[in-house]
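Open the model in your viewer and keep the selection tool at hand. Each stop below gives a selection and then what is there.

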Amino acid sequence: MQHAIRLAQKGAYSTDPNPAVGCVIVKNDKIIGEGWHRRAGEAHAEVHALKQAGSQAIAATVFVTLEPCSHTGRTPPCANALINAGVKKVVVAMSDPNPLVAGDGLKKLRDAGIEVESGLLAAQAAELNPGFIKRMQAGRPFVRVKLAMSLDGRTAMASGESQWISSEASRNDVQRLRAESSAILTGIGTVLADDPSMNVRLKAAELKVDRVRQPKRIVLDSQLRMPADAKIASLAGQCIVYTTVNVDNRDSYPFIIEQCAALSNEQGAKIDLKALMQDLVKKEINLLHVEAGAVLSGALLKNDLVDEIIIYMAPHIMGDSAKGLFHLPGLEQMKDRISLKINELRSIGNDIRITAQPVIKH
């Protein structure tokens, strides 16, 4: 199963919106077939492994990181393929959270007389597909906020200058985070201030894939101030702008315009972030990677819509007037603070990468 998990990891940059899955077929203590899901719409991991095993698959044991599918989508059911191949036993790391499967694959195997075990290395298998699991179980994408800060917790000088806080090694690391994402989210403030590209600039060989999959680029722009010549809208791939403004001539813009529900306050109309998440689920967004300013990052955190925070902390001091990580008005007493669980600390070049998750109060 550990080998199956390693195989599944090969699909991290290419399978979206499908989950990354690995499969190993064993007979007489020898691996006779292995495979992983390589791209949405193509053969699943089990099919690749069965093809390699051939007729030896009869009476063999199959190890797979996710419950074999039982429905016909863009490919036939993998549970049927395993049954037709005559395997004896199937060991599954975790059941499929997709309501279209959700135990039906395991039931189909058992009904066919195949021995089934489930739960082996389930936690490790779940780490392969946090976005897919979140979308299926919670009805929203897995939201990861990426930030870069100085040692004193600053993200930009008072003038707005922020390039570059983190090291080149950290910026290359971020490229891999982007590459595994379904979409990259930012706000119009960041677009107007920095004119970012928000794309994946690594080459296919660096990601060990046949071609680079560009995540969707999403801009929240309540008043539709997006420049027609913004870099984020001019590059390959899909750029979507969410706004609260009624737009009749959508086809005249060089990007896709989606109207989103608004929340009104004293500053004017703001995009309803929870309604946004529901719309992103319809677009099969699994992992939403956020690179935005303090206002949008703070709003996501305040609305309990952040699952993971990745902070690149650089060995600089930027001073009192520089800007902070999150805009979170209303946190005035210690009881109001937002607690984080630190999951990992790692050196990246001269920086420290902090991976944390908010602790939701109940």
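**Stop 1: Asp 307**

Select Asp 307 and Val 143. A polar atom of the Asp 307 side chain lies 2.8 Å from the backbone nitrogen of Val 143. This is a predicted model, so every distance on the tour is computed from it.

Asp 307 sits in the loop between α12 (294-302) and β15 (308-314). Is Asp 307 buried or exposed? Its relative accessible area is 14%, under the 20% cut-off, so Asp 307 counts as buried.

Which residues does Asp 307 contact, beyond its neighbours within four places in sequence? Select Lys 134, Arg 140, Pro 141, Phe 142 and Val 143, then Ala 356, Gln 357 and Pro 358.

**Stop 2: Thr 244**

Move to Thr 244, in the loop between β10 (239-243) and β11 (256-259). Thr 244 has a relative accessible area of 16%; this is under 20%, so Thr 244 is buried.

Select Ser 222 next. Its backbone oxygen is reached by the side chain of Thr 244 at 2.8 Å.

Show the other contacts of Thr 244. Residues up to four places away in sequence aside, they include Asp 221, Gln 223, Gln 259 and Cys 260. Ala 262, Ala 269, Lys 270 and Ile 271 are also among them.

**Stop 3: helix α7**

Select residues 168-179, which make up helix α7. How does its span agree with its 12 residues? At 1.5 Å a residue the helix should span 16 Å, and its end C-alpha atoms are 17 Å apart, which agrees.

Colour the buried residues of α7: Ser 170, Asp 173, Val 174, Gln 175, Leu 177, Arg 178 and Ala 179. An α-helix has 3.6 residues a turn, so residues three or four places apart point the same way.

**Stop 4: a nonpolar surface patch**

Select Leu 331, Ile 338, Leu 340, Ile 342, Leu 345 and Ile 352. Together they form a nonpolar patch with about 510 Å² of accessible area. Strand β17 (residues 340-348) gives the largest share of the patch, 3 residues.

Finish on Leu 331, in the loop between β16 (323-324) and β17. Its relative accessibility is 41%, between the 20% and 50% cut-offs, so Leu 331 counts as partly exposed.

Technical notes:
Residues are numbered from 1 along each chain as its sequence is written. This is a predicted model: local features need pLDDT of at least 70, side-chain atom pairs count only at pLDDT 80 or more; totals for chains, interfaces and linings use all residues. Side-chain values use heavy atoms; hydrogens and water are left out. Helices (H or I, at least four residues) and strands (E, at least two) are DSSP runs, numbered from the N terminus. Buried means under 20% relative accessible area, exposed over 50%, partly exposed in between (1.4 Å probe, protein chains only). A polar contact is a pair of N or O atoms within 3.5 Å; within protein, one must be able to donate a hydrogen and the other to accept it, and residues adjacent in sequence count only if both atoms are side-chain atoms. Contact means heavy atoms within 4.5 Å. Patches are made of residues with over 30% relative accessible area and no salt bridge: like charges are joined within 9 Å, nonpolar side chains (Val, Leu, Ile, Met, Phe, Trp, Tyr) within 5 Å. Accessible areas come from the Shrake-Rupley method with a 1.4 Å probe; for residues, only the protein chains shown count as cover. A salt bridge is a side-chain nitrogen of Lys or Arg within 4 Å of a carboxyl oxygen of Asp or Glu. The expected span of a helix is 1.5 Å times one less than its number of residues.
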